[in-house]
Amino acid sequence: MEAITRVQRLAEAGIRQVPPQYIQPLDQRPIKSKSESPSPSPPNNIPLIDLSKQSESIKCEIGQACREWGAFHVINHGVPLELLHQIRSVGRSFFEQCPMPEKLKYSCDSSSAASEGYGSKMLANDDSVLDWRDYFDHHTLPLSRRNPSNWPESPPNYRRVVAEYSDKMEALAVKILKYMSESLGLAPSCIKDAVGDFYQNITISYYPPCPQPELTLGLQSHSDMGAITLLIQDDVEGLQVLKDGDWITVQPLADAIVVLLADQTQIITNGEYISSQHQAITNASKARLSVATFHDPAKTVKISPASELVSKASPPRYRGVVYKDYVSSWYTKGPDGKRNLDALLLDS
Ligand SMILES: O=C(O)CCC(=O)C(=O)O
Ligand SMILES: [Fe+2]
């Protein structure tokens with residue numbers, strides 16, 4: 001297996017300049033605004049939805065956020081706040097307390113996409129610009145994929161916390177997909193049934209301080225390929241979502257969970273709801289940690305626009321796709337914003 005450079009090692013070596021492989025082309029570098037004439041006062045955060053409200057108002061707010069943003073915060077989500085704290089804490093402990101030789105025992109197979117373990121490189125092809133990020137990917141659902149002995153043993157509660165977090169995130173993902181279905185006038189289980197049993201992965205990302213944040217990205221611009229992602233971050237900002245041409249920095253909100261709509265949901269809803277194009281930026285002084293929980297269809301599932309949303313007046317906008325093929329083109333070509341989803345657009 002080829003030796004992979006760990007970003008944390010570079011950062012700890014105190015380099016003043018990032019190696020050339022991490023320098024983004026000019027048009028990808030982090031900038032405040034991407035639109036030619038930036039809106040006079042772009043919003044300063046994604047919508048915030050309180051899940052303890054009445055269900056009619058939740059549905060209405062979720063519908064609007066999914067049409068306009070594909071990203072929103074939820075609070076009063078029912079996931080114990082202590083568990084959010086614990087997963088950030090065990091994740092940070094792996095990256096910051098575990099000695100490098102021990103970390104390397106968990107190295108993922110960098111030649112195969114989304115393999116479980118400690119990694120630093122999202123795409124296997126050699127010519128892509130590298131992200132300023134190390135991560136640990138856990139395969140958590142279905143249970144047949146969950147093997148906690150592949151996860152760090154230290155701190156002693158690491159494996160229990162990840163397993164518990166997986167279960168709570170699954171329940172929350174089901175709940176939010178139900179609101180989304182209902183907000184479109186569909187049967188409550190419509191989107192979830194189209195996705196089928198969740199394939200869930202939990203990725204803890206660690207972005208070390210970067211000596212040249214203006215030249216790099218922690219994670220390149222992309223939309224997530226599955227159905228729905230639930231993300232938490234620490235108190236260091238870095239996640240940005242694209243809204244009407246502007247990159248909006250998602251202000252960290254303690255106790256909230258970020259919901260990111262992913263590409264298969266955009267297809268199922270025939271484009272009524274949009275997947276979120278997002279990226280992570282770096283900063284020069286503080287390490288940042290995020291935990292993303294992805295909920296995807298099985299590889300064999302065929303995803304197409306829900307028949308209830310398609311009519312003569314509203315023809316299908318996307319070609320159906322077997323999820324395996326979607327994933328393989330995403331990893332081969334790279335995300336480049338939302339190009340993989342755009343490739344499925346039908347002529348209108
Ligand atoms: O670190 C973040 O805030 C973004 C992570 C993300 O987008 C991903 O892992 O797909
Ligand atoms: Fe993402």
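Is Asn-270 buried or exposed in this structure? Asn-270 has 1% relative accessibility and therefore counts as buried, where buried means under 20% relative accessible area, exposed over 50% and partly exposed in between, with a 1.4 Å probe and protein chains only.

The model is predicted: local features need pLDDT of at least 70, side-chain atom pairs count only at pLDDT 80 or more, and totals for chains, interfaces and linings use all residues. Residues are numbered from 1 along each chain as its sequence is written, chains are lettered from A and ligands numbered from 1 in the order in which they are written, and side-chain values use heavy atoms, with hydrogens and water left out.

Let us begin with the backbone. Most residues other than glycine have a negative phi, and most peptide bonds are trans. Asn-270, however, has a positive phi, near 55°. Asn-270 sits in the loop between helix H7 (263–268) and strand S11 (278–280); helices here are DSSP runs of H or I with at least four residues, strands are runs of E with at least two, and both are numbered from the N terminus. Asp-244 also has a positive phi, near 50°. Asp-244 is found in the loop between strand S8 (239–243) and strand S9 (246–249), and its 66% relative accessibility makes it count as exposed.

Two peptide bonds also deserve mention. The bond from Leu-141 to Pro-142 is cis, with omega near -5°, and the bond from Ser-154 to Pro-155 is cis, with omega near 0°. Pro-142 lies in the loop between strand S4 (134–141) and H5, and Pro-155 is placed in the loop between S4 and H5.

Two packed helices are described by the angle between their axes and the distance between the axes. Helix H2 (residues 55–68) and helix H5 (residues 158–183) have axes that come within 9 Å and cross at roughly 85°. H2 is therefore roughly perpendicular to H5. Axes are lines fitted to C-alpha atoms, for helices over the stretch in contact, and angles run from 0 to 180 degrees between N-to-C directions; under 35 degrees counts as roughly parallel, over 145 as roughly antiparallel, 65 to 115 as roughly perpendicular and the rest as oblique. By class, the contact of H2 with H5 has six nonpolar, three polar and two charged residues. The H2 residues that meet H5 include Ile-58 and Ile-62, and those of H5 include Tyr-179 and Met-180, where contact means heavy atoms within 4.5 Å.

I turn now to the aromatic rings. Rings of Phe, Tyr and Trp (its six-membered ring) pair if their centres lie within 6.5 Å; planes under 30 degrees apart count as stacked, over 60 as edge-to-face and the rest as tilted. The count comes to nine aromatic pairs. Phe-94 and Phe-95 have ring centres 5.1 Å apart and planes at 80°, so this pair is edge-to-face. Phe-95 and Tyr-206 are stacked, at 4.9 Å centre to centre with 5° between the planes. Phe-95 belongs to helix H3 (residues 81–97) and Tyr-206 to strand S5 (residues 199–207), so their pair ties together parts that are 111 residues apart in sequence. Ring pairs also join Phe-94, Phe-95, Tyr-106, Tyr-118, Phe-136 and Tyr-206 into a cluster.

Terms used:
Ala, Val, Leu, Ile, Met, Phe, Trp, Tyr, Cys and Pro count as nonpolar, Asp, Glu, Lys and Arg as charged, and the others, Gly among them, as polar.
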